[in-house]
Amino acid sequence: MHLVLAALSRQRIEWRHGYELMKETGLASGTLYPLLMRMTYNGLVEAEWREPAQVGRPPRHVYRLTATGFALALEAIGEAGSGTGKEVLT
C-alpha cells in the first residue's frame with residue numbers, strides 16, 4: 001500500500017491510470033488492482049471511469065488520493081523521515 005500511496009501523492013490532484021501506476025511502482029496487476037479497490041473502499045483513493053482517448057477502446061478506471069489518503073501518505077512520509085529506520089513509502 002505504501003508504494004501506491006507514494007506514487008499517487010507525487011501527483012495528488014492528477015487522475016492516474018492503473019497501468020501507469022504499475023510501471024511506477026513495479027507492482028503486478030494482480031497486486032495493484034486489489035490494493036486500489038481496498039484503498040477505494042476504505043476512502044483513501046477515489047476512482048472513476050473515463051471514456052477512452054481513442055475510438056473503439058474501452059473505458060478505463062482512473063485513480064487519485066482523497067484528502068484522507070493524502071494525509072495518510074504525509075503521515076507515512078513523516079514516519080519514514082523521523083529516523084525510526086522504517087522504510088514506510090518504499
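**Note on helix packing and two residues**

1. Helix α1 (residues 2–10) and helix α3 pack at an angle of about 75°, and their axes lie 10 Å apart. Axes here are lines fitted to C-alpha atoms, for helices over the stretch in contact, and angles run from 0 to 180 degrees between N-to-C directions. Helices are DSSP runs of H or I with at least four residues, strands are runs of E with at least two, and both are numbered from the N terminus. α1 and α3 are therefore roughly perpendicular to each other. The cut-offs: under 35 degrees is roughly parallel, over 145 roughly antiparallel, 65 to 115 roughly perpendicular, and the rest oblique.

2. The model is predicted: local features need pLDDT of at least 70, side-chain atom pairs count only at pLDDT 80 or more, and totals for chains, interfaces and linings use all residues. Residues are numbered from 1 along each chain as its sequence is written, and side-chain values use heavy atoms, leaving out hydrogens and water.

3. Which residues make the contact between α1 and α3? From α1 come Val 4, Leu 5 and Leu 8; from α3 come Leu 32, Leu 35, Leu 36 and Met 39. Contact means heavy atoms within 4.5 Å. These residues divide into 7 nonpolar, no polar and no charged. Ala, Val, Leu, Ile, Met, Phe, Trp, Tyr, Cys and Pro count as nonpolar; Asp, Glu, Lys and Arg as charged; the others, Gly among them, as polar.

4. Now α2 and α3. Helix α2 (residues 18–25) packs with helix α3 (residues 29–41) at about 120°, with axes 10 Å apart. α2 and α3 are therefore oblique to each other. On the α2 side, Gly 18, Tyr 19, Leu 21 and Met 22 make the contact; on the α3 side, Ser 29, Leu 32, Tyr 33 and Leu 36 do.

5. Arg 16 lies in strand β1 (residues 16–17). Is Arg 16 buried or exposed? Arg 16 is buried, because its relative accessible area is 2%. Buried means under 20%, exposed over 50%, and partly exposed in between, with a 1.4 Å probe and protein chains only. The side chain of Arg 16 reaches the backbone oxygen of Ala 7 at 2.8 Å. Beyond its neighbours within four places in sequence, Arg 16 is in contact with several residues, including Leu 21, His 61 and Tyr 63.

6. Met 37 sits in helix α3. Met 37 is exposed, with a relative accessible area of 58%. Met 37 and Ala 47 are 10 residues apart in sequence and 8.7 Å apart in space, C-alpha to C-alpha.

Methods:
A polar contact is a pair of N or O atoms within 3.5 Å; within protein, one must be able to donate a hydrogen and the other to accept it, and residues adjacent in sequence count only if both atoms are side-chain atoms.
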